[in-house]
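Here's a quick walk through one protein model, looking at its charged pairs, its rings and its core. Have the viewer open and follow along.

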Amino acid sequence: KHFLPRYLELISEFNFPTHSVELSFSRLVPFDKNEWTKIEFEILLNFQVEYFKHCLKTYPLPSFGDKIDSIIIMFWRSGIGVDKLLKVWEETESVESNLHFKDLYFEGFEQYNRSKLSNSFGDKELCEKLTNWIQDPKVNTIFQERIERIILDNSTFDQQTIYEFNLLYDIIRNEKKNGT
C-alpha cells in the first residue's frame, strides 16, 4: 500500500511497473477488499475510471503496441472488476474510443473463437464478460450509430481503417438483426 501512489503515477504515464501491462496491479491481489479503507478503495476506483477514460481518448496507446484489452485485463486482474469500465466505454463518444472498440472486436479474441481472448493474460470469465458486452444489443446500437458517423465522414482515416469500420458495422447490424 505504501507504494501505491507511485504505482498509480507510473501507470498514469504509461510506464508500467512490471514487464507486462496486464500484471501491473498483481500486487493488489493478496489484499482483500476489506483491508482497504473506504478512502483508499475509492481512490482505486476513481483512478481506474479516470485512467480508462484517458485510455479511451488515446489511440494508439503509447505503451509498446498494447491494446485496450491489456488495460481491461490489468484492472480485471486487480480484483476490482471491469463492469464500471464497460459502462464508461458506452458513455465515451470519441473517435479513439471507436478505434479501441474495433480493435477489441477484431483483435481481442482468438480468430474464429469468441470463447478465448487473444491476450494470454485474459481468463475465461473475463472473456465471457467481454463477449456478452460486445454482443449486447444496447452496446451494438451505441457503436453501430457511432461507426456509421465515422463511415459517413471518412476523411480522417486510411482505406484499410474505413474498410474495417464498414465490416464491423455490417457485422454489428447483422448480429442485431439476427438477435445474436
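## Charged pairs and packing

Across the whole structure, a search turns up 12 salt bridges. Keep in mind that this is a predicted model. Side chains of opposite charge can pair when their charged atoms come close. Three of these pairs are worth a look, and here they are side by side.

| Salt bridge | N to O distance | Where the two residues sit |
|---|---|---|
| K67 and E107 | 3.6 Å | loop between α2 and α3; helix α5 |
| K87 and E90 | 3.9 Å | helix α4 |
| D170 and R173 | 3.4 Å | helix α8 |

Start with K67 and E107. K67 comes from the loop between α2 and α3 while E107 belongs to helix α5, so this bridge ties together parts that are 40 residues apart in sequence. K67 counts as partly exposed because its relative accessibility is 29%. E107 is partly exposed too, with a relative accessible area of 41%.

Buried or partly exposed: which is K87, and which is E90? K87 is partly exposed, at 38% relative accessible area, whereas E90 is buried, at 11%. The cut-off for buried is under 20%, so E90 falls on the buried side with its 11%.

D170 is partly exposed at 33% relative accessible area, and R173 is partly exposed at 32%. Some bridges also share partners, and that joins K67, K102, D103, E107 and E164 into one network.

Leaving aside neighbours within four places in sequence, K67 is in contact with Y59, L61, D103 and E107. Its C-alpha atom is separated by 9.7 Å from that of N119, a residue 52 places away along the chain.

Q144, found in helix α7, is in contact with Y169, I172, R173 and K176 once neighbours within four places in sequence are left aside. Q144 is buried, with a relative accessible area of 10%.

Now for the rings. A search of the whole structure finds 17 aromatic pairs. In one of them, F14 and Y51 have ring centres 5.5 Å apart and planes at 45 degrees, so the pair is tilted. This pair links distant parts of the chain, with F14 in the loop between α1 and α2 and Y51 in helix α2, 37 residues apart. Both F14 and Y51 are buried.

How are the rings of F101 and F143 arranged, stacked or tilted? Their centres are 3.8 Å apart and their planes sit at 5 degrees, so that pair is stacked. Here too distant parts of the chain are linked: F101 is in helix α5 and F143 in helix α7, 42 residues apart. F101 and F143 are both buried. These two rings also belong to one aromatic cluster, made up of F52, W89, F101, Y105, F106, W133 and F143.

The largest nonpolar core has 54 residues, and the ones with the most contacts inside it are Y51, I71, W89 and F101.

Finally, a look at the outside. F106, Y163 and L167 form a nonpolar patch on the surface, with about 280 Å² of accessible area together. F106 lies in helix α5 and counts as partly exposed because its relative accessibility is 31%. F106 is also a member of the aromatic cluster mentioned above, so you'll meet that residue in both places.

How values were computed
Residues are numbered from 1 along each chain as its sequence is written. This is a predicted model: local features need pLDDT of at least 70, side-chain atom pairs count only at pLDDT 80 or more; totals for chains, interfaces and linings use all residues. Side-chain values use heavy atoms; hydrogens and water are left out. A nonpolar core is a set of buried Ala, Val, Leu, Ile, Met, Phe, Trp, Tyr and Cys residues joined through side-chain atoms within 4.5 Å. Buried means under 20% relative accessible area, exposed over 50%, partly exposed in between (1.4 Å probe, protein chains only). Patches are made of residues with over 30% relative accessible area and no salt bridge: like charges are joined within 9 Å, nonpolar side chains (Val, Leu, Ile, Met, Phe, Trp, Tyr) within 5 Å. Accessible areas come from the Shrake-Rupley method with a 1.4 Å probe; for residues, only the protein chains shown count as cover. A salt bridge is a side-chain nitrogen of Lys or Arg within 4 Å of a carboxyl oxygen of Asp or Glu. Helices (H or I, at least four residues) and strands (E, at least two) are DSSP runs, numbered from the N terminus. Rings of Phe, Tyr and Trp (its six-membered ring) pair if their centres lie within 6.5 Å; planes under 30 degrees apart count as stacked, over 60 as edge-to-face and the rest as tilted. Contact means heavy atoms within 4.5 Å.
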